[in-house]
Amino acid sequence: MGSASISYQFGISARFYRNWNSRSDVTVSSVPCKADVSRKSLFSAPSSSTHKECINRARVCSSPNTDEYCDEIFETPILDSIETPLQLKNLSVQELKLLADEIRTELHSVLWKKIQKSMNPSLSAIELTLALHYVFRAPVDNILWDNVEKTYAQKVLTRRWSAIPSRQKNGISGVTSQLESEYDSFGAGHGCNSISAGLGLAVARDIKGKRDRVVAVIDNVTITAGQAYEAMSNAGYLDSNMIVILNDSRHSLHPNMELGSKASISALSSIMSKIQSSKIFRKFRELAKAMTKRIGKGMYEWAAKVDEYARGMVGPTGSTLFEELGLYYIGPIDGHNIEDLVCVLREVSSLDSMGPVLVHVITEENRDAEIGKKIMVKDRRTYSHCFVEALVMEAEKDRDIVVVHAGMEIDASLVTFQERFPDRFFNVGMAEQHAVTFAAGLSSGGLKPFCIIPSAFLQRAYDQVVHDVDRQRKAVRFVITSAGLVGSGGPVQCGAFDIAYMSSLPNMIAMAPADEDELVNMVATAANITDRPVCFRFPRGSVVDRNYLVPIGLPIEIGRGRVLVEGQDVALLGYGAMVQNCLHAHSLLSKLGLNVTVADARFCKPLDIKLVRDLCQNHKFLITVEEGCVGGFGSHVAQFIALDGQLDGIIKWRPIVLPDGYIEEASPSEQLTLAGLTGHHIAATALSLLGRTREALLLMS
């Protein structure tokens, strides 16, 4: 993306990108800033104190795409001079440290102040990112990231940062994407894929006779997923050259952070890491292995045990696990000490034919950024809040109710249940497969598990849902959160497929609430089902009534929908949150003199066949609306009305579903418009069916 740099008195510099308006106002203090930010100083930085003074002093107001935006843009002279990551190799270590400060300032300005996003994960990987690009030659060398939030520093270095304030429609991708940049070696989705993909790249490199390096970065959250260990085991077996970097921002390899012993960083651990990574030590170790093998198997096994014991004494608790998997362990290393990172990575990168290596890097996250989270969630009442409050009411009446949660992080609303019933709350992290089968076991033991997993993450555990739950008719209650479109979560976190893949199971009850009242009632309904599995989904967004007080839930009759508005000619049959959009369409059509029927299906399976049959027999057109992919609720309706002979009569059916494609990041309203699921789209569809095409076009305009 093209950019221009404008210099002002006292050394203040502002960057402008093509999509920014040219109007700017600059205000600085009267004290001159002595930093040289001209092109002559491309690879020379001011002193640390002067540099920080300049950063604290600059203020630029400008407006990206609108005239309403105004915020601070701090001076970043070294960052301004970087056109490609290869230029980092011309910087000194001191200049890399100053560059890290500048990137940290940029992240603070954008992630917290502009889009109200927590900075914690992004800040922890800045020095590591700089060290990686300083030592390796991306994009020739492949650097793969497992957690997309750790890649923001790389997006800054690769000149993609100007679009991040929107992080919405037409902004930069919220994930790593090869379509967006050649520096993104592989797309990062839900985590835990970097080692598997990196191993594939390494094997492909070896088969093709190439010599590029492969680096896979994984963090302490995503490494808890089973795929990561499957990949490391396979990497150890294949013995391909690759580097795995564990970015550990919690100082523990223990699954429970509070119980795990923390890995300490000291002068001794730094020295030992440098020794472990050195070529001389590695060659000496390999020579010792070869010699003990010649002496005999017993001597070789004894020497291996001594080596493992000695290295276990130096490394943190659990570090020998990686050795058992076949990866050579180095660490722990201070992830914010650029000198140590560069030293170790440079040694590791020079090792040929030595197999896979794991470098354990300890990093700290900026706790002050939590304020940004609090600002973001304050005064926002979501479906999750209503669900948890309803579940707490049910759990107070029934001691058998327990919660199993899986996913990247716990929704803040779930803390209420966790604090109220600590012994009945189980968070398993990124272990969705285990969560499902664990819940099935809890059900077999006589408990009533509510298994809470976001829609996009439940996809990981579909085999367990089929064989460990549905086929055995285990009474597991699946709570599918973040269903449908998720705004800035984009296609990675979009819950587009759960209606289709859950309702296709023979024993599964699938339902979705139209509003908060229905959600509360479905919690009570699920609690009463004891002979088969059940699932219900709800969206990420705010509830319909922000002042809603959760009542006592009333169980709903299984497979029974309801008519909300009686009309004629056209029937709108909505499923889940789309019922609200159907009501909006009814309001629009009423202004045009049309009175249509609006019905809430409630259940996708079992379908309310009586309701569907009545709608077909009393209307000319039936429109089904769902926030899911093809093959979901509408397909169940189509199957029934076709077999029931309804399509042989006067009824004409039209489905409205998510398009057959991935919808990128945008605001929720923009995504609904792109998907054709707004009230206007539904109303326009009804008008088109009635032959009122001109009015439909006017409505959409």
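**Ground rules**

I note that this is a predicted model, in which local features need pLDDT of at least 70 and side-chain atom pairs count only at pLDDT 80 or more, while totals for chains, interfaces and linings use all residues. Residues are numbered from 1 along each chain as its sequence is written, and side-chain values use heavy atoms, with hydrogens and water left out.

**Overall**

I recorded 28 helices and 21 strands for the protein; helices (H or I, at least four residues) and strands (E, at least two) are DSSP runs, numbered from the N terminus. Of the 701 residues, 54% count as buried, a term that stands for under 20% relative accessible area, with exposed set at over 50% and partly exposed in between (1.4 Å probe, protein chains only). I also looked at contacts, meaning heavy atoms within 4.5 Å: among those with a separation of 6 or more, 76% come from residues 24 or more positions apart.

**Helices α5 and α13**

Returning to this pair, I found that the axes of helix α5 (residues 126–135) and helix α13 (residues 338–349) come within 9 Å and cross at roughly 40°, which makes α5 oblique to α13. The axes are lines fitted to C-alpha atoms, for helices over the stretch in contact, and the angles run from 0 to 180 degrees between N-to-C directions; under 35 degrees counts as roughly parallel, over 145 as roughly antiparallel, 65 to 115 as roughly perpendicular and the rest as oblique. On the α5 side the contact is made by Glu-127, Leu-128, Leu-130, Ala-131, Leu-132, Tyr-134 and Val-135, and on the α13 side by Ile-338, Leu-341, Val-342, Leu-345, Arg-346 and Ser-349. I sorted the residues of this contact into 10 nonpolar, one polar and two charged, with Ala, Val, Leu, Ile, Met, Phe, Trp, Tyr, Cys and Pro as nonpolar, Asp, Glu, Lys and Arg as charged, and the others, Gly among them, as polar. I then checked how covered α5 is, and 10 of its 10 residues are buried, including Thr-129 and His-133.

**From α5 into β5**

In the loop between α5 and β5 I came to Pro-139, where the peptide bond from Ala-138 to Pro-139 is cis, with omega near 10°. Asn-142 has its place in strand β5 (residues 142–145) and, at 14% relative accessibility, counts as buried. Leaving out residues up to four places away in sequence, I found that Asn-142 touches Ser-185, Leu-201, Asp-212, Arg-213, Val-214 and Val-215.

**Helices α7 and α8**

I looked at helix α7 (residues 194–208) and helix α8 (residues 226–238), which pack at an angle of about 25° with their axes 8 Å apart, and are therefore roughly parallel to each other. Their crossing is left-handed. In α7, Ile-195, Ser-196, Leu-199 and Val-203 meet Gln-227, Ala-228, Ala-231, Met-232, Asn-234, Ala-235 and Leu-238 in α8, and by class I noted eight nonpolar, three polar and no charged residues.

**Aromatic rings**

I noted nine aromatic pairs in the structure, a pair being rings of Phe, Tyr and Trp (its six-membered ring) with centres within 6.5 Å, where planes under 30 degrees apart count as stacked, over 60 as edge-to-face and the rest as tilted. Phe-417 and Phe-421 form a tilted pair, at 5.0 Å centre to centre and 50° between the planes; Phe-417 is buried at 1% relative accessibility, and Phe-421 is buried at 7%. I also found one aromatic cluster formed by Tyr-383, Phe-387, Phe-536 and Phe-538.

**Backbone details in other loops**

A cis peptide bond also runs from Lys-605 to Pro-606, with omega near 0°, and Pro-606 lies in the loop between β19 (603–605) and α24 (609–617). Ser-482 is not a glycine, yet has a positive phi of about 50°; I located Ser-482 in the loop between β13 (477–481) and α20 (490–493), buried at 13% relative accessible area. For Asp-569, likewise not a glycine, I noted a positive phi of about 70°, and this residue, in the loop between β16 (562–565) and β17 (570–574), counts as partly exposed at 28% relative accessibility.

Terms used: Left-handed = near helix turned anticlockwise from the far one by under 90°.
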